[in-house]
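Subject: Structure for you to look at

Hi,

Here is the structure I promised to pass on. Please open it and keep it beside you while you read.

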Amino acid sequence: MKILVIDAQGGGLGKQLITRIKKDMPELTVIAVGTNTTATAAMLKAGADEAATGENAVIVASRKADIIIGPIGMVIADAMLGEITPKMAIAVAQSDAKRIIIPFSNCDNYVAGVSDFGISRMTEDALEFLKKHLKKI
């Protein structure tokens, strides 16, 4: 089972996700792809099994992943201050992988109904969904 974690900017969300995945489900293979080297380094330090950076890495890893986890911006072209290219957004959106999307309201995108939720709560919900999904497989 290959879990792809995508993040941008400082990689803080990806770092949190990978730390918890490796702690709670160490048998899973976690691939980290950052849109920049800072994000990639943060996720690799958190325990990712493999890591890469950039547009082509997102495209290739999205084809190979069973589950993709990341912020909602990963499926919105030009999101995350422009770090998500249209090709990246398309690759994630068209992947056969199950997507677990964390709904941040930022970078000119407002997600109605989630503004009161903090990053910890959203991360916890994403990980609980991952665990439930894995039990079904």
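First, the ground rules. This is a predicted model, so local features need pLDDT of at least 70 and side-chain atom pairs count only at pLDDT 80 or more, while totals for chains, interfaces and linings use all residues. Residues are numbered from 1 along each chain as its sequence is written, and side-chain values use heavy atoms, with hydrogens and water left out.

Now some terms. Helices (H or I, at least four residues) and strands (E, at least two) are DSSP runs, numbered from the N terminus. Buried means under 20% relative accessible area, exposed means over 50%, and partly exposed is in between (1.4 Å probe, protein chains only). Contact means heavy atoms within 4.5 Å.

Helix α6
Start with α6, residues 119–136. The helix has 18 residues and spans 26 Å from its first C-alpha to its last. That is close to the 26 Å expected at 1.5 Å a residue; the expected span is 1.5 Å times one less than the number of residues. Its buried residues are M122, T123, A126, L127, L130, H133 and L134. Down the axis of α6, these buried residues fall within an arc of 135°, so they line one face of the helix. The arc is taken from the directions from the helix axis to the C-beta atoms. On the other side of α6, S120, R121, D125, K132, K135 and K136 are exposed. The cover over the buried residues of α6 includes β1, α1 (12–24), β4 and β5 (98–102).

Helix α3
Next is α3, residues 55–64, where A57, V58, I59, A61 and S62 are buried. Their cover includes β1 (2–7), β2 (29–34), β3 (50–53), β4 and α5 (86–94).

Residue V30
V30 lies in strand β2. Its relative accessible area is 0%, so V30 is buried. Leaving aside neighbours within four places in sequence, V30 is in contact with I3, V5, I18, I21, K22, A48, D49 and E50.

Two backbone angles
Most residues other than glycine have a negative phi. D78 is not a glycine, yet its phi is positive, about 70°. D78 sits in the loop between β4 (67–71) and α4 (79–82). M80 is not a glycine either, and its phi is also positive, about 55°. M80 lies in helix α4. M80 has 7%, so M80 counts as buried.

Best wishes
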